[in-house]
Amino acid sequence: MLTLQAVLDGLLLGILFALIAYGMALQWGVMNIINIAQGDLVILGGYIAYFMYLYGIHPAWGVIVSPIIMYFVGVVIYKLVINKVVDRDLFISILATFGISILFMQLMNFAFGADVVLANSGYGTTMLFDNSVTLPNSKIFSAFISIVFAIGLVVYMKKSKLGRAIRATAQNARAAKILGVDTEKVYAATFGINAALCGVAGALISITFTIHPYMGLPYTIRSFMIVIVAGLGNLPGVAMSGMGLGVFEEFADYILGTEFRIGSVFLLLVLILVYRRFKLSRKREYLK
Amino acid sequence: MKIKNIIITFVSAIAILFSTSVVSFAKVVGDKIILGAAISLTGKYSSNGVHTQNGYNMAVDRINDMGGIKVGGKTYKFDIIYYDDESNPKRAAQLAERLISQDGVEFMLGPYSSGLTKAIAPVTEKYGVPMVEANGASRSLFTKGYKYLFAVLAPANLYLDVAIETAVELNGGKGVRIAQAFEQDAFSQDVRLGILDAAERTGSKIIIDDKLPKELNDMAATLAKVKAVKPDVLVVSGHTKGALTAIRQIAEMKVDVPMLAMTHCDAAKLSKQHGKNSQYALCASQWHKTLTYKDDFFKDGMTYAADFEKLFGYDPPYQSAESSAALLVFKDAFERANSFDQKKVRDALADTNMQTFYGNIKFAEGGQNVDKPMVLFQVMCDDAGKCENKVVAPLKWASAELIHPIPKWSER
């Protein structure tokens with residue numbers, strides 16, 4: 001039963017992480033930017049849901065309101081900062097988004113205070129097998145919404161005009177430009193969509209966990225790892241690696257103890273990277 | 001052009017010289033005793049930093065209004081120079097250095113949190129500046145042999161001692177089975193050491209001993225283990241985040257434990273954020289307004305709480321009360337030393353033996369207050385869902401009877 005609990009907890013957690021990683025994979029693939037402020041966008045989205053909750057609106061509505069607001073926040077960040085670093089070295093984009101991350105943390109702290117807060121959904125609990133496996137309904141809700149948004153994104157990328165433009169730009173920005181795609185607009189939209197996904201995830205996190213102005217970084221790191229493990233541009237891979245990571249974390253927690261939870265995730269990352277390198281080196285070809 | 005540059009340099013040099021000499025304070029200016037404090041007004045500790053500052057300010061105003069401090073036949077008033085340490089230990093140490101060497105402060109008040117106090121203590125010690133602190137409870141502060149550090153609060157290892165002892169007592173003197181989860185920071189790990197001591201003393205067994213990473217906001221794995229092994233007591237300490245996460249997930253996962261003991265319930269506003277789900281949680285507290293300690297300045301806890309609420313608009317958490325007490329200690333020491341000599345004030349501080357509205361204060365060799373026990377309160381809610389914190393242990397101060405064991409979730 002403990003095993004089943006761990007697997008289910010891990011899966012539900014992983015699906016939520018995967019949603020954040022989706023956004024990161026998208027803008028990393030399209031714009032070649034590693035967004036260190038990803039987690040801070042998530043937290044900001046969480047605060048939107050929290051404030052709705054404070055004013056008596058059910059925080060679940062946050063999953064609709066938060067992405068709309070966050071889309072515009074994303075576009076504004078793009079116009080102010082990101083468009084200046086988009087074609088530059090990866091290192092510069094890391095520095096720039098790191099700056100945004102610090103700025104966001106301080107602004108959120110200034111505006112919302114340093115207290116740890118949460119939004120209560122009042123969703124209750126699903127109990128299985130005579131109360132030996134318990135699943136908070138808020139977590140199930142989170143996972144469900146995450147899946148809906150993830151599928152929605154994939155469909156949107158395949159079918160819509162903007163989606164096609166985004167994919168074209170990701171493949172070859174110059175060629176896309178020549179063929180009449182306004183890459184500037186595509187970049188802004190991509191960053192906006194990423195921020196909107198963060199907004200959804202944030203609203204879900206405020207319902208399932210807690211939020212705090214300085215809690216963004218772990219979400220950035222997790223999504224970074226999920227994307228690395230899955231590989232760029234591999235959206236189903238992101239979903240799989242997100243869930244896998246969630247389950248892996250839970251088991252590491254049970255078997256090794258909570259203190260090794262994050263550590264074991266990093267260890268896994270190192271192992272995967274070493275394995276990748278090993279595989280690559282065997283396939284290495286030389287130009288003569 | 002060259003001359004212009006020289007003039008600009010000259011003028012700015014004079015300006016800088018002038019500005020530093022103007023802001024430079026001495027320890028005592030006119031009728032003012034100037035204390036220095038680096039406090040977290042921004043950054044992650046800012047809410048508790050503000051509680052600390054409010055506590056200091058309220059006590060300064062009160063002492064000044066009620067006649068000030070009498071030293072050498074003259075009356076003095078308190079004044080505090082504050083700097084914002086941004087919740088950053090390095091910055092706090094720099095600011096302490098600046099307060100002492102640039103602003104000429106010779107007496108310091110402590111910052112918020114053990115971590116920041118740890119950063120400042122070596123600096124005040126180096127300059128021989130007496131520091132009375134009210135918000136650093138980590139045991140390691142008191143084992144370093146600091147001579148100029150005095151803490152009005154009980155050390156962290158005593159926070160949840162009482163809970164284990166109470167559980168053992170209720171178990172007919174037999175040892176209990178303890179599950180514990182502590183954040184990996186100086187304070188929480190000290191609380192853990194206290195539990196380990198108490199467990200050994202009472203013959204109790206620790207069956208789960210998890211360390212929570214700082215960034216963790218999910219305790220589901222720990223709680224699933226708790227559900228499986230059914231301990232007699234569950235102890236959680238991880239600042240406000242730990243308290244909020246624990247209550248949320250215990251309620252969601254319907255974890256039944258006979259006793260749940262925590263820290264930081266006050267700061268987390270548990271009952272406000274979680275309502276009835278937080279019911280029956282036992283919380284360690286340095287102070288509670290219903291305690292009946294008395295002094296001449298604030299009368300007692302209830303009066304202090306009422307006055308504080310009038311000024312700042314919220315019920316004082318213990319962080320504010322202990323900060324106010326720090327000023328009372330300073331006043332008492334200045335008057336007994338009858339001097340502003342740092343050594344004499346330090347010796348007077350070491351001899352402190354007084355009662356304040358916050359509790360008795362008497363310092364041990366290491367500087368910690370040994371005369372004030374921790375109290376435990378339990379969150380109790382009425383049928384309408386209104387929750388209150390009631391002191392349940394130690395029995396001497398109890399205002400309500402401990403509810404034990406906690407009713408099962410299925411019966412609530």
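Predicted model: local features only at pLDDT ≥ 70, side-chain atom pairs only at ≥ 80, totals over all residues.
What does A:Ala18 contact once its neighbours within four places in sequence are left aside? Its partners are A:Ser146, A:Ala150, A:Ile226, A:Val238, A:Ala239, A:Gly242 and A:Met243. Among these, A:Val238, A:Ala239, A:Gly242 and A:Met243 are also buried residues of helix H10 of chain A, and that helix comes next.

## Helix H10 of chain A

Helix H10 of chain A covers residues 235-256, which is 22 residues.

The buried residues of H10(A) include A:Ser241, A:Leu245, A:Gly246 and A:Ala252, together with A:Glu249, A:Glu250, A:Asp253 and A:Tyr254. Which elements do the buried residues of H10(A) pack against? In chain A they meet H1, helix H5 (137-159), helix H9 (216-230) and helix H11 (261-282). From chain B, helix H7 (220-229) joins that list.

## A hairpin in chain A

Strand S1 (residues 125-128) and strand S2 (residues 133-136) of chain A pair in the antiparallel sense, over four bridges. In this pairing, A:Thr125 stands opposite A:Pro136 in S2(A).

The two strands form a hairpin with four residues between them. In the turn, A:Phe129 has a positive phi of about 50 degrees.

## Where the chains meet

The contact between the chains takes 30 residues from chain A and 30 residues from chain B. On the side of chain B that touches chain A, the elements giving two or more residues are helix H2 (46-65), strand S9 (205-212), H7 and helix H8 (239-253) of chain B. H8(B) gives the largest share, seven residues.

How does the side of chain B that touches chain A divide by class? It has eleven nonpolar, ten polar and nine charged residues.

## Two domains in chain B

Chain B is divided into domain 1 (10-154 + 291-362) and domain 2 (158-285 + 374-411). Taken over C-alpha atoms, the centres of these two domains of chain B are separated by 32 Å.

Where the domains touch, twelve residues of domain 1 of chain B are in contact with eleven residues of domain 2 of chain B. Helix H4 (residues 114-127) of chain B gives the largest share of the domain 1 side, three residues. That side divides into five nonpolar, five polar and two charged residues.

A:Met70 is placed in helix H3 (residues 62-85) of chain A. Is A:Met70 buried or exposed? A:Met70 counts as buried because it has 27 C-beta neighbours inside 10 Å, where the cut-off for buried is 20 or more. Beyond four places in sequence, A:Met70 is in contact with A:Leu41, A:Leu44, A:Gly45, A:Ala195, A:Ala196, A:Cys198 and A:Gly199. A:Phe91 lies 21 residues from A:Met70 along the chain, and their C-alpha atoms are separated by 25 Å.

Over in chain B, B:Phe357 has its place in the loop between strand S15 (353-356) and strand S16 (359-362). B:Phe357 is buried, with 25 other C-beta atoms within 10 Å. B:Phe357 and B:Phe298 are 59 residues apart in sequence and 6.4 Å apart in space, C-alpha to C-alpha. Not counting residues up to four places away, B:Phe357 touches residues including B:Tyr293, B:Phe298, B:Asp300 and B:Tyr304.

B:Val28, in strand S1 (residues 28-29) of chain B, is partly exposed, with 18 other C-beta atoms within 10 Å. Leaving out residues up to four places away in sequence, B:Val28 touches B:Ile33, B:Ile34, B:Tyr76 and B:Phe340.

Terms used:
Residues numbered from 1 in each chain as written. Chains lettered and ligands numbered in written order. Contact = placed C-beta atoms within 7 Å. Expected span 1.5 Å × (residues − 1). Buried ≥ 20, exposed ≤ 12 C-beta atoms within 10 Å, placed from the backbone. Pairing = 2+ DSSP bridges. Domains from an automatic or database assignment. Nonpolar A, V, L, I, M, F, W, Y, C, P; charged D, E, K, R; others polar.
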